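Morning, everyone. I'll stop now and then to ask a question.

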Amino acid sequence: MGDLEGFRYSGLIERYRDRLPVDKDSKIISLSEGDTPLIRLDNLMGEIGHDIQLYAKFEGANPTGSFKDRGMTMAVTQAANEGAQAIICASTGNTSASAAAYAARAGIKAFVIIPEGKIALGKLAQAMIQGAIVLQIEGNFDDGMQIVKDIADVAPVKIVNSVNPYRLQGQKTASFEIIDALGRAPDYHALPVGNAGNISAYWAGFCEYAAKQPVQEYRRAGESEPFAYKFAPVVDSVPVICGYQAELANPFVQREMIVEPETIATAIRIGRPQSWEFAWAAHDESGGWFDSLSDHEILQAQALLAEREGLFCEPASAISVGGILRDIRRGKIADGSVITATLTGHGLKDPDTAIQQCKTSPLSVSANVDSVKRAILDNL
Ligand code: AN7
């Protein structure tokens, strides 16, 4: 029996195939990733009292709960079609969860290197149950990344970190979706910056939809593939890119690599970003900025999104909204602007951090109507 022919969404490669470097005959490895909601944050904007529209691109709605699936469908499709037996990545958690899932789907092995004790439990659970070989090191993400770059020469594994250009190609589709949903480009786009793959990918996507060529370095560093597509522009402008980092893991703000990055937002506990040049290109070309937030501000933003908008994202993701709200308050954003912000990963990835910062705990009540009624009346 063949596939049913309905309107089932079947992933971002199918949707944006003409803009992605995928061979016609390739077997696509997909979990129907992408097509994530773009949610207007009117409660938050109402409180701030500016005439500004703010939207969250909720990437926690991807199959493994983070934006990494966009890049992984591309990278693993390519690896599997090249005949790779195994993939490898270093990860602060989400990349490992996504690599494990797509490797399972492709029927190949995934090796993931993680910093011992420094990844959220949900992400570790995902990597393990999806059959990845988890290698934990006494070192941070940057140490793991260096090993991964060296190992590919001496062992039969394909790197699926974002130094693999197919990753960024997949991730650029988030920009396409934002523009398709708004019918225009946003004026500003805010996102967290760790290894800096995503900011580079978003910039590439925004530029491509406006038929502006990303800076030459971007193309050259992409190297392995001829990414020079020619399209009619979909829109005529690109957003200002606003990248936010944790205060003690902020190499782009310091303008130099950081040896011992530290933050509660473990996803972005990264001191030596691989996509350094691309991210600076996004910054310079868009007229954007980098800034950092304290762990306290990050957690405040996470709680704010959950309490006021019903959006539960992980701490690293909340930094985009926390950062842009602070910049709105500081008057950096003109009234009338349309802003989009990426919430990169789901809050369920890291329930420990969420529970620890909740001001209330469950109320113990007796199992009868009277007790519950009293609890309701006391708390209305
Ligand atoms: C939720 O999983 O680097 O700047 O190894 O998980 O593209 O690195 C994760 C990064 C933001 C930063 N938000 O994106 C990994 C990893 C979340 C993340 C980032 C990550 P990049």
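Start at helix 5, on the side where Leu 121, Met 128 and Ile 129 are exposed. Keep in mind that this is a predicted model. Now turn to the other side. Which residues of helix 5 are buried? They are Gly 122, Lys 123, Gln 126 and Ala 127. These four cover an arc of only 135° around the axis, so they sit on the same side of helix 5. There is a general rule behind that kind of pattern. An α-helix has 3.6 residues a turn, so residues three or four places apart point the same way.

What do the buried residues of helix 5 pack against? Their partners are helix 4, residues 94–106, then strand 4, residues 109–115, and strand 5, residues 133–137. Just after helix 5 comes Gly 131, with a positive phi of about 85°.

Stay with one of those buried residues, Lys 123. Its relative accessible area is 1%. Which residue does Lys 123 form a salt bridge with? The partner is Glu 314, and the closest N and O atoms are 2.7 Å apart. Lys 123 belongs to helix 5, while Glu 314 is in the loop between helix 13 and helix 14, so the pair ties together parts 191 residues apart in sequence. Glu 314 is buried too, at a relative accessible area of 3%. Here is the general idea. Side chains of opposite charge can pair when their charged atoms come close.

How many salt bridges does a search of the whole structure find? The count is 21. I'll show you two others.

First, Glu 177 and Arg 70. Their side chains meet in a salt bridge, 2.9 Å from N to O. Glu 177 lies in helix 8, residues 173–182, and Arg 70 in helix 3, residues 68–81, so this pair ties together parts that are 107 residues apart in sequence. Are these two buried or exposed? Glu 177 is buried, with a relative accessible area of 4%. Arg 70 is buried as well, at 1%.

Next, Glu 307 and Lys 359. This salt bridge is 3.6 Å, N to O. It links distant parts of the chain, 52 residues apart. Glu 307 is in helix 13, and Lys 359 is in the loop between helix 15 and helix 16. Buried or exposed? Glu 307 counts as exposed, at 52% relative accessibility. Lys 359 counts as exposed too, at 74%. Salt bridges that share partners join Glu 47, Glu 307, Arg 308 and Lys 359 into one network.

While we are in this region, find helix 15. Thr 353 is in that helix. At 10% relative accessibility, Thr 353 counts as buried. What is Thr 353 in contact with, leaving aside neighbours within four places in sequence? The answer is Ile 264, Leu 299 and Pro 315.

Now the ligand. Look at some polar atoms next. A backbone N or O atom of Asn 195 lies 2.8 Å from an oxygen atom of the ligand. A polar backbone atom of Asn 198 is also 2.8 Å from a ligand oxygen. For Lys 68, an N or O atom in the side chain is 3.5 Å from an oxygen of the ligand. How much of the ligand does the protein cover? On its own, the ligand has 470 Å² of accessible area, and the protein covers 99% of that.

Last stop, the backbone. Most residues other than glycine have a negative phi. Asp 35 lies in the loop between helix 1, residues 12–15, and strand 1, residues 38–40. Asp 35 is partly exposed, with a relative accessible area of 43%.

Arg 255 is another case. Its phi is positive, about 60°, and it is not a glycine. You'll find Arg 255 in the loop between helix 11, residues 251–254, and helix 12, residues 276–286. Arg 255 is exposed, at 57% relative accessible area.

How values were computed. Residues are numbered from 1 along each chain as its sequence is written. This is a predicted model: local features need pLDDT of at least 70, side-chain atom pairs count only at pLDDT 80 or more; totals for chains, interfaces and linings use all residues. Side-chain values use heavy atoms; hydrogens and water are left out. A salt bridge is a side-chain nitrogen of Lys or Arg within 4 Å of a carboxyl oxygen of Asp or Glu. Helices (H or I, at least four residues) and strands (E, at least two) are DSSP runs, numbered from the N terminus. Buried means under 20% relative accessible area, exposed over 50%, partly exposed in between (1.4 Å probe, protein chains only). Contact means heavy atoms within 4.5 Å. A polar contact is a pair of N or O atoms within 3.5 Å; within protein, one must be able to donate a hydrogen and the other to accept it, and residues adjacent in sequence count only if both atoms are side-chain atoms. Accessible areas come from the Shrake-Rupley method with a 1.4 Å probe; for residues, only the protein chains shown count as cover. The arc is that of the directions from the helix axis to the C-beta atoms.
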